[in-house]
Amino acid sequence: MPTRREEIIKLLEERELSLQSIANKFCVDLKEILEDIEHVEKSIRPKKLKRRHAECKNCGFVFKERSKIKKPSKCPRCKKEWIQPAVFRIE
Ligand SMILES: [Zn+2]
């Protein structure tokens, strides 16, 4: 049986996913997926984990300076809470 990390790699090779949706899929805490993804990033070399930054769906503000994977809760520009989370994929 493949490990969860192997399954995550397979999923991210097929499509873009947010960490929360991966966590939901495996019914585990987001924290566990955070650890997985750090491990995955190292183990897939020379492939790369590509990240699309979180973005405000209202005004298009991009949360570039957020280095960590945690989802921002509020847009600093328009103050709306309609945030598209960062998504990951493997190339
Ligand atoms: Zn905004």
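**Reading the fold**

Modeller: Among contacts in the protein between residues at least 6 apart in sequence, 54% join residues at least 24 apart; a contact requires C-beta atoms, placed from the backbone, within 7 Å. This is a predicted model, in which local features need pLDDT of at least 70 and side-chain atom pairs pLDDT 80 or more, while totals for chains, interfaces and linings use all residues. Residues are numbered from 1 along each chain as its sequence is written.

Biologist: How many helices and strands are there in the protein?

Modeller: The protein has three helices and five strands, where helices (H or I, at least four residues) and strands (E, at least two) are DSSP runs numbered from the N terminus. Along the sequence they follow the pattern α-β-α-α-β-β-β-β. The C-alpha atoms fill a box of roughly 45 × 30 × 20 Å along the principal axes.

Biologist: At what angle do helix 1 and helix 3 pack?

Modeller: Two packed helices are described by the angle between their axes and the distance between the axes. Here helix 1 (residues 4-14) and helix 3 (residues 30-43) meet at about 70 degrees, with axes 10 Å apart. The axes are lines fitted to C-alpha atoms over the stretch in contact, with angles from 0 to 180 degrees between N-to-C directions. The two helices are therefore roughly perpendicular (65 to 115 degrees; under 35 is roughly parallel, over 145 roughly antiparallel, the rest oblique). Helix 1 contributes Arg4, Arg5, Ile8 and Ile9 to the contact, and helix 3 contributes Asp36, His39 and Val40.

Biologist: Which residues make up the largest nonpolar core?

Modeller: That core has seven residues: Ile8, Leu12, Leu19, Ile22, Ile33, Val40 and Phe88. Such a core is a set of buried Ala, Val, Leu, Ile, Met, Phe, Trp, Tyr and Cys residues joined through C-beta atoms within 7 Å. Helix 1, helix 2 (19-26) and helix 3 each supply at least two of its residues. Of the 91 residues of the protein, 14% count as buried (20 or more other C-beta atoms within 10 Å; exposed means 12 or fewer, partly exposed in between, with C-beta atoms placed from the backbone).

Biologist: In what order do the three strands of the open sheet lie?

Modeller: Strands of a sheet pair through backbone hydrogen bonds, either parallel or antiparallel. The order in this sheet is 1-5-2, with antiparallel pairing; two strands pair if DSSP finds at least two bridges between them. Strand 1 (17-18) and strand 2 (49-52) each have a single partner strand, so one side of each is left without a neighbour in the sheet. Strand 1 pairs with strand 5 (residues 87-90) over two bridges: Leu17 is partnered by Phe88, and Ser18 by Val87. Strand 2 and strand 5 pair over four bridges, and Arg52 stands opposite Val87.

Biologist: Is Cys56 buried or exposed?

Modeller: Cys56, in strand 3 (residues 55-56), is buried, with 21 other C-beta atoms within 10 Å. Not counting residues up to four places away in sequence, Cys56 touches several residues, among them Phe61, Cys75, Cys78 and Trp82. Cys56 and Gln84 lie 28 residues apart in sequence and 6.0 Å apart in space, C-alpha to C-alpha.

Biologist: Which bond joins Arg45 and Pro46?

Modeller: A cis peptide bond joins them, with omega about 10 degrees. Pro46 is in the loop between helix 3 and strand 2. As for phi, Cys27 has a positive value near 55 degrees; Cys27 lies in the loop between helix 2 and helix 3 and is exposed, with 6 other C-beta atoms within 10 Å. Lys79, not a glycine, has a positive phi of about 70 degrees. Lys79 lies in the loop between strand 3 and strand 4 (83-84) and counts as exposed, with 10 C-beta neighbours inside 10 Å.

How values were computed:
Contact = placed C-beta atoms within 7 Å.
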